[in-house]
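Thanks for making the time, everyone.

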Amino acid sequence: RKMKQLDVEELLQAARERTGLADFGPDDFREGFALVVEDINTEAQIRDAGWPPLRERFLRMLVNRLRFAQDLKEHPEILEGEVESPVFIASLPRTGSTNLQRMLGASGGLQTPAYWMTLMFARIPGLPDGGRDRRIQECRDFEKRMYETSPGILIGHPMFTDEPEEDLWLLEASFRHPIHGGMFHLPTYSAWLARTDWTPAFRYLHMQIQYLRWQFGAERSKPWLSKTPSHFGCESLLCAAFKKPRFIVTHRDPVKCIPSITTTSMAMRKLYSDYDSTPLLGPGLLGAFSASANQHMKWRDENPDVDILDLDFRDIAEDGVATVRRVYEFLDLPFTAQAEQGIRDWEARNPQDKHGKATYSAASMNSSDDEIRAAFAEYRRRFADF
């Protein structure tokens, strides 16, 4: 094993020195942060050239936490802003949820945070407009490095600075979320997470969304829209953290979803490591998402009054305008000609397989179609129409 490359206290001190600030906000991030760092040092098999950008990755999260905590001290009104009836797309991965989120963003009727707002969620003190230009440029620089290092990300889950993006990049700063175990092979952290209460992560997410709505007040009259597959199965936590949330669930055969997310996750791991952990990652994702599906169905059974819209992957892919119109009806929003044109323009700019065709199979993730079907038997039965 290599010499330890990252040090928890050194990273915390470097973030303090970079900002001149000392308060990281709620301390419940520390245990998970220490476990992530320990696992990365001992298990993740980071390539030599991966250590400097990896250190910057963690410093970015810590610096954002420091700046956020400072803004909360200086502007207590941030936490007075209510996030009323937010909309969460909570589904299995690779079900059309990203396209749906981005078409909804293009329609103009919802507040959909762009990638740069989630990656760099905190304002930079002393710069005009909270350092907006610098935050955007830092995200562009990261985006460029990402595709240069691992072009497969562009095929699996393209991310663009100005396009709507997932809550993952907010939740990672809580260090109590599976995003880290997806990005790196972290067996100890993942085992800890499996027995740990995630409530603090969603409490922090609620504050982050209050913060973003405060920063971008011109959009505040629109319903907030969030999306990430890791919300799937966590609906009870979202309901506890947010007031009257509404849910959109996109559906597709898990036989396609699980091999596809395994390939996409491996592309993300290649940002920092050359280690092919597919034989471990694939079964892990199969277990995690089948458990999420069971938890989702249990939650639905126990909460029949929650507003939920189910959508088919094929409808999203084949007729975005009609699908978004259904979402607008579900949310009781007026569907305008401007909204329709925004969707059509987005579809014209983003034809299917624009960045290359994804290839994946159950065999490539050390599994089989039958094994996936068995793991999702109840989900496939209940949502057979999708």
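What share of the contacts in the chain with a separation of 6 or more comes from residues 24 or more positions apart? Before I answer, please keep in mind that this is a predicted model. The share is 78%, counted over the contacts in the chain whose separation is 6 or more.

Turning to the overall build, the secondary structure of the chain comprises 19 helices and 4 strands, and the C-alpha trace spans about 55 × 50 × 40 Å along its principal axes. A compact globule with 386 residues would have a radius of gyration near 21 Å, and the chain, at 20 Å, therefore agrees with that expectation. Of the 386 residues, 54% are buried, while the chain exposes about 16500 Å², with carbon and sulfur atoms supplying 50% of that area.

Now to the helix pair. Two packed helices are described by the angle between their axes and the distance between those axes. Here, helix α2, residues 30-42, packs with helix α10, residues 187-194, at an angle of about 150°, and their axes lie 7 Å apart. Since angles over 145 degrees count as roughly antiparallel, α2 and α10 are therefore roughly antiparallel to each other. On the α2 side the contact is made by Glu31, Gly32, Leu35, Val36 and Asp39, and on the α10 side by Pro187, Thr188, Tyr189 and Trp192.

Notes. Residues numbered from 1 in each chain as written. Predicted model: local features only at pLDDT ≥ 70, side-chain atom pairs only at ≥ 80, totals over all residues. Heavy atoms only, no water. Axes fitted to C-alpha atoms, helices over the stretch in contact; angles between N-to-C directions. Helix = DSSP H or I, 4+ residues; strand = E, 2+ residues; numbered from the N terminus. Parallel < 35°, antiparallel > 145°, perpendicular 65-115°, else oblique. Contact = heavy atoms within 4.5 Å. Rg over C-alpha atoms; globule rule 2.2 N^0.38 Å. Buried < 20%, exposed > 50% of the residue type's maximum accessible area, 1.4 Å probe, protein only. Areas by Shrake-Rupley, 256 points an atom, 1.4 Å probe, with all protein chains shown as cover.
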